[in-house]
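Take a look at the sequence and the model below. Follow the side chains as you read.

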Amino acid sequence: HLMATAFKDIGKQANDLLSKLFPNPKQTGDNLAFAVSNTLKSDNIKVVTNASKHPNGDDVSGNAEVTFDIKEHDLAVKAKFDTAQEFEFSAEYSGLADTTVEVGTSFSEEKVEGSLGIGYENENLNFGLDTTFEVGNSLPTFGVNLAGVYDNIKGGIAADIDPSGEFAESPIKGAVSYFDDLNTFTLSGSSNDKGISGGLSFFHKYSDDVNVALSATVPGLDFNKTVVNLGTQYQLSEGSTLKFRIQNTGAAEKLRGAFA
């Protein structure tokens, strides 16, 4: 049984609840948003449709994701479309011992990209390498990540390298998470030429139908720009969920101004 988690999945429960499906607000302050997700699946096909909206009048955004699981060939093929007129396609092969290979491409009005990733996983470690290239650019970007698990603790580090720029501009990220059956606490950070950023998150499984999450991110370790997210997810029925999130940006700066 494979237990190790990829670096991108450390703190995934809170990240998905608070970020996945939600468009980024265009203004600071309190921003309430909600999202609905519906999943239909059979033995070999899964279809997920999502929609989200800010009650302040922004347009509804949404996407549809179709996954074909070709089990006899250890292959999963995924296609995704969204209202921003972006299309993604990927295929993952898992027929090699403890190793997966994924190729993908994405299309939008601004650019066309391709990617290749290789991952190795055993009970305690997960190691990945990937590269992404944009049509029209001469040099691809590269990524490397390593994650491990010990008892109830997961941790990892990742780096993105852009050969066309200065190495210092390439971010280095780290995260560590403590988890049990109901709760997950995650501490994360990143560093590049613009400084160090930090964050923490908490996920709690309140019941079989209700999850809650809280996060705080401090860009550049500037507490005046702290972004706080609070969200909840409710299981409407099998395959259908409803999420609410409130996000506040710059609360510390406004609070300081109120007492100045």
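This report covers strands, salt bridges, aromatic rings and one serine. The model is predicted.

**Strands side by side**

Start with strand 8 (residues 125-134) and strand 9 (residues 141-150). They run antiparallel, and eight bridges join them. Across this pairing, T131 stands opposite F142 in strand 9. The hairpin of strand 8 and strand 9 has six residues between the strands. In that hairpin, G136 takes a positive phi near 105°.

Strand 9 also pairs with strand 10 (residues 153-161). These two run antiparallel as well, joined by nine bridges. Here F142 stands opposite I161 in strand 10.

**Salt bridges**

Side chains of opposite charge can pair when their charged atoms come close. How many salt bridges does the structure hold? The count is four.

| Pair | Closest N to O distance |
|---|---|
| D16 and K12 | 2.9 Å |
| K78 and E65 | 3.9 Å |

D16 and K12 both lie in helix 1 (residues 12-19). They are four residues apart, about one turn of the helix. D16 is partly exposed, at 24% relative accessible area. K12 is partly exposed too, at 35%.

K78 forms a salt bridge with E65. This pair links distant parts of the chain: K78 is in strand 4 (residues 75-82), E65 in strand 3 (residues 61-70), and they are 13 residues apart. Is E65 buried or exposed? E65 has a relative accessible area of 19%. The limit for buried is under 20%, so E65 counts as buried. K78, at 34%, is partly exposed.

D160 lies in strand 10 and K173 in strand 11 (residues 172-179), so the pair ties together parts that are 13 residues apart in sequence. D160 is partly exposed, with a relative accessibility of 30%. K173 is partly exposed, with a relative accessible area of 30%.

**Aromatic rings**

A pair of aromatic rings is described by the distance of the centres and the angle of the planes. The structure holds four aromatic pairs. In one of them, the rings of F81 and F87 have centres 5.1 Å apart and planes at 40°, so the pair is tilted. F81 is partly exposed at 43% relative accessible area. F87 is partly exposed at 24%. Together with F107, F81 and F87 form one aromatic cluster.

F185 and F202 form another tilted pair, with 4.8 Å between the centres and 35° between the planes. F185 is in strand 12 (residues 183-192) and F202 in strand 13 (residues 195-205). They are 17 residues apart, and the pair links distant parts of the chain. F185 is partly exposed at 43%, and F202 is partly exposed at 27%.

A ring can also meet a charge here: the charged end of K154 sits over the ring of F179, 4.8 Å from its centre.

**One serine**

S240 is placed in strand 16 (residues 240-249). S240 is buried, with a relative accessible area of 12%. Its side chain makes a polar contact with the side chain of N38, at 2.5 Å. Leaving out residues up to four places away in sequence, S240 touches S37, N38, Y234 and Q235.

Methods:
Residues numbered from 1 in each chain as written. Predicted model: local features only at pLDDT ≥ 70, side-chain atom pairs only at ≥ 80, totals over all residues. Heavy atoms only, no water. Phe/Tyr/Trp six-rings, centres within 6.5 Å; stacked < 30°, edge-to-face > 60°. Buried < 20%, exposed > 50% of the residue type's maximum accessible area, 1.4 Å probe, protein only. Lys NZ or Arg CZ within 6 Å of the ring centre and 35° of its normal. Pairing = 2+ DSSP bridges. Polar contact = N/O pair within 3.5 Å; in protein donor to acceptor, adjacent residues only side chain to side chain. Contact = heavy atoms within 4.5 Å. Salt bridge = Lys/Arg side-chain N within 4 Å of Asp/Glu carboxyl O.
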